Amino acid sequence: IFSVGGVAASKESWCQFETEWGEVLRMFQVSQSHMKNFAHRRGEFEGWDEEKRSSFLGKLLQIMSVHVKFYVGAVLPIEDFHNLPQEKKEDLKNPYYACFQVCVHGIGIYAERNFPDAKVDMVFERRSTSKGLGGELFDRCVDSLDVGGRLGSITFGTNLHFIPLQAAALVAYELNHYRRGSGKMAETRWPMKELDKQMKRSGREDCFVFFDESTPQASYQHHKCRDKPQT
């Protein structure tokens, strides 16, 4: 299951976010909040007991609660992508495109709704296949989306150099697990429950999209989802 997650805030908020997030990393003597390693107790997280794990993740979620203003994400089962008609697969190129466009569109909608006179600059994680394709897709989004005028620049970097990418990775990881589960918030992992509580408690918006076998043609659509993915 392929997933992309994102977080949005003002530049001022991100500056404070990076300071506080870095303090937590130093407190626990880790270089980054690598979710896969954290979940499986590998690498820097090897040997951590549950109390330490809960404390670490809880502090990160609290920082997100204070500074993140908008959450966005998309989840697409790779098998469903392969079952699309050939022309649709050629248009999308790979599962990354559908999820990428949903996230860019969602952020654009948020910016237009809340900051109509400003543009939003985006940072995506640099991967071997995403940098070139991402730049091309971003240009297409600027030209074709109804909120293209709200999109500013795009940058690619690593989780170590762009600290907010670690929060985005946390969102993507939890959305992926949520999609693999029952689709009921009460039965999902506690970090996803905490993210859901943050949004409900603060009145923040979220734009999460779940593609599945019943919506294979919905690659350009988005909807809000708080409690259950589309089925």
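This is a predicted model: local features need pLDDT of at least 70, side-chain atom pairs count only at pLDDT 80 or more; totals for chains, interfaces and linings use all residues.
Let me start with the pocket. The largest pocket has a volume of about 1500 Å³, and 49 residues line it, with Gly5, Gly6, Val123, Leu165 and Ala168 lying nearest its centre. If we sort that lining by class, we find 28 nonpolar residues, 12 polar ones and nine charged ones. As for where the lining comes from, at least two residues each are supplied by strand S1 (2-8), helix H1 (11-27), helix H2 (35-39), helix H6 (95-114), strand S3 (120-125) and helix H8 (164-180). Which of the elements gives the most to the lining of the largest pocket? That is H8, with nine residues.

On the H3 side the contact is made by Leu57, Leu61 and Met64, and on the H8 side by Ala167, Leu170 and Val171. The residues of this contact divide into six nonpolar, no polar and no charged.

H8 packs against H1 as well, at an angle of about 75° and with the axes 9 Å apart, which makes H1 roughly perpendicular to H8. Here Trp14, Phe17, Glu18, Trp21 and Leu25 of H1 meet Pro164, Gln166 and Ala167 of H8, and by class the contact has six nonpolar residues, one polar residue and one charged residue.

From H1 the contact takes Ser13, Gln16, Phe17, Glu20, Trp21, Val24, Leu25 and Met27, while from H3 it takes Phe56, Lys59, Leu60, Ile63, Met64 and His67. The class division for this contact is nine nonpolar, three polar and two charged residues.

Staying with H3 for a moment, I would like to point out a salt bridge. A search of the whole structure finds five salt bridges, and in one between arginine 53 and glutamate 50 the side chains meet at 3.4 Å, N to O. How are arginine 53 and glutamate 50 placed in helix H3? They are three residues apart in that helix, and are therefore separated by about one helical turn.

Finally, a word on phenylalanine 2, which is found in strand S1, an element that also supplies at least two residues of the lining of the largest pocket. Setting aside residues up to four places away in sequence, phenylalanine 2 touches Ala74, Val75, Leu76, Ile78, Pro95, Tyr96, Cys99 and Asn176. Although phenylalanine 2 and phenylalanine 81 are 79 residues apart along the chain, their C-alpha atoms are separated by 9.9 Å.

Conventions: Residues are numbered from 1 along each chain as its sequence is written. Side-chain values use heavy atoms; hydrogens and water are left out. On a 1 Å grid over the protein atoms alone, a cavity is a set of points where a 1.4 Å probe fits but cannot get out, and a pocket is an open set with protein on both sides within 12 Å along at least five of seven lines; lining residues have an atom within 4 Å of a point. Grid points are joined across faces, edges and corners, and a volume is the space filled by probe spheres set on the points. Helices (H or I, at least four residues) and strands (E, at least two) are DSSP runs, numbered from the N terminus. Ala, Val, Leu, Ile, Met, Phe, Trp, Tyr, Cys and Pro count as nonpolar, Asp, Glu, Lys and Arg as charged, and the others, Gly among them, as polar. Contact means heavy atoms within 4.5 Å. A salt bridge is a side-chain nitrogen of Lys or Arg within 4 Å of a carboxyl oxygen of Asp or Glu. Axes are lines fitted to C-alpha atoms, for helices over the stretch in contact, and angles run from 0 to 180 degrees between N-to-C directions. Angles under 35 degrees count as roughly parallel, over 145 as roughly antiparallel, 65 to 115 as roughly perpendicular and the rest as oblique.
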